Amino acid sequence: MDFILLVMNSFGLLLDPLNLAYVVLGFVIGTIFAAIPGLTATLAMALLLPLTYTLNVETALMACASIYMAGMCGGSITATTINIPGAPSSMMTALDGYPMQQQGKGALALGHAAIGSMFGGAVGALLLIAVAPFVAELSLLVKTTGKFSLLAFALIVVVIAQRGRIPQAGLAACIGLMLATVGLDAMEPVTRFTFGNANLTAGVDLMPVIIGTFAIAEILVQARTPSDTTAATAAAGKHKLRRRDFIPPWSDIRRIGFRCYFKSCLIGYFVGTLPGAGGSMGSFLAYTEAVRTSPEPETFGKGNPQGIAASESANNAVCGGAMVPMLTFGIPGDPITAIMLGVLVINGIQPGPQLMSDQAGLIAPMLAALLFSAVVLIPLTLYAIGPYFIRIVSIRKDVLYAVIALLAVVGSYVATYSTFQMFMALAMGVLAFLLRRNGFPVITMLLGYILGPNLEEFLRRSLSLSNGNPLTFLTNPDSLFFVLLTLVFVYFLVIRKPADKAATPDGV
Amino acid sequence: MFSNRQLIFPTAMLALSVGYLVSALSLGTPIAESGLTPSFFPMLVGAAAILFSSLLILQQLRAPEAPDRPRDAPGHAHLWIVLAIFLYILAFRTLGYLVSSTAFVFALIVLFSSFEKPAQKALIALVVVGLGYVMFQHLFGVRLPTPWG
């Protein structure tokens, strides 16, 4: 209850013009990046990361929250208008959004997407605010061996969730773990894999890893992959979007039904709590459920607003869900929460049970901003800049990518004023580019890199405490729970092999 | 075996994994009387990486056809971009932010489009770099390098 009150009080911070400006700016940037095919809110967040050094932590986290929310709903713009989802999480939205656009109801489809996003974002954020303190208390029960098994569970699930490319995902995770082992050992004064380079003694810094993986690699990918949206944009431009057309009639919302919205939100929220699942999985499951329970399933895929509502409610509810393991255990659920974790770590905040009790004052404004973005900024953005959405896609790509490259390279310099970090960002960018070109999911590499140090520390501590007996992971109840949970996931995702392969996690 | 282009990357990964494991072995024995040593975890990771890269190679050898890849743009723009970033970093401290960044942004705009209308593109590069200067130096208080130190 105290935490809920703290979040409510944090809304006061939004009255500060500077905080409000960063939240609104973050939302607009997130929307633009999510709307442009090829760019993602993850990239926007990666570019913002260096700037968080100069902001106070509450403001930085509030801006991150608004980018996250905008990233989930912004993808629906191009999914609807030109049938190219700006973000993987809006893949299902395109199925019904684009047919509505073709029927001349594009504005209405975007309105339904905004209402679904608003509902999903709000429910996800409220559930997060209500649930996170309890999860944090529960996490106190997890001891050293349990912590190792939990981290191993998260990493294994992220790997096996990459159906059809598990060896690639496993190898990418190993590369992340390799990067995590560079530098001074956490428990003994021994340097590893530095090859005499003093710059590596403190390890590979988070900043170049994130900037390289998400910004520089993206620029290289875009240089190799043409994405000509000119024709589609011109076709979409024929349908003029007017502000009043964005507001869906109440009869439409009643037809979709509160039950559909709420069920999709819950699906999205719980999918969000799973490592590696992400918004696309959430929206796929919610869409499938909406089709399954609909009295007229044949209308889906032909412009049924219920499909849009289910997809968008779920993918925005993922935002709240994905933050639960990130805040309480330090386990990010997707690339964006991984970068948010980076913002926390850069500012000396260690996620975990103590975070919700000792430093709740730093986290509460972020959750308030998440709720504010969902309830206020989503509809406001649609109404204010909705008619100009299609122009976002027409932004000159050459200038855009040059700006991104400049921000990325200079951004990697900002943290330490060192050109070594710039070279590291370039090296990481080339590595991530090669991995992506060869079908390796870079999210598993990032997760391996982020979880690696704790994974190693808890493994060594657990085995030291048990005099080297590996059975300690089975004899401690908390650890056994996560071992069994891992086995359950392995059974369902690998051994049983679900028939549907349409839904893949966000494939970065 | 090596005529299959799909094998190049997994083989490089295997070489990297083997190199990593060998370096990990050089850190000493994995288990000592006091418990696990700093080489234990890297050895596990190296072994897992070798396992996964071997699996990948096997997978490629068994696969009759190469999997579909996204359509690529002709040319080697990505290689030029890597070179541009490398040169930019080298020049960043020496030439300072304004000069090096203007050249870099101009080069990237050209790489992502063409060499047509160079004056217009140079002007855009100047404006972008100027805005970047205001943002980094004045808004966020970052000390950007200048040629005079």
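Analyst: The secondary structure of chain B consists of four helices and two strands, where helices (H or I, at least four residues) and strands (E, at least two) are DSSP runs numbered from the N terminus. This is a predicted model, in which local features need pLDDT of at least 70 and side-chain atom pairs count only at pLDDT 80 or more, while totals for chains, interfaces and linings use all residues. Residues are numbered from 1 along each chain as its sequence is written, chains are lettered from A and ligands numbered from 1 in the order in which they are written, and side-chain values use heavy atoms, with hydrogens and water left out.

User: In what order do the elements of chain B run?

Analyst: From the N terminus, the order is α-β-β-α-α-α. Of the 149 residues in chain B, 40% are buried (under 20% relative accessible area, with exposed over 50% and partly exposed in between; 1.4 Å probe, protein chains only).

User: How is the packing of two helices described?

Analyst: Two packed helices are described by the angle between their axes and the distance between the axes. In chain A, helix α4 (residues 57–81) packs on helix α6 (residues 106–139) at about 160°, with axes 10 Å apart. α4(A) is therefore roughly antiparallel to α6(A) (angles over 145 degrees). The residues of this contact (heavy atoms within 4.5 Å) comprise six nonpolar, six polar and no charged.

User: Is α6(A) largely enclosed or open?

Analyst: α6(A) is largely enclosed by the rest of the structure, because 24 of its 34 residues are buried.

Methods:
Axes fitted to C-alpha atoms, helices over the stretch in contact; angles between N-to-C directions. Parallel < 35°, antiparallel > 145°, perpendicular 65-115°, else oblique. Nonpolar A, V, L, I, M, F, W, Y, C, P; charged D, E, K, R; others polar.
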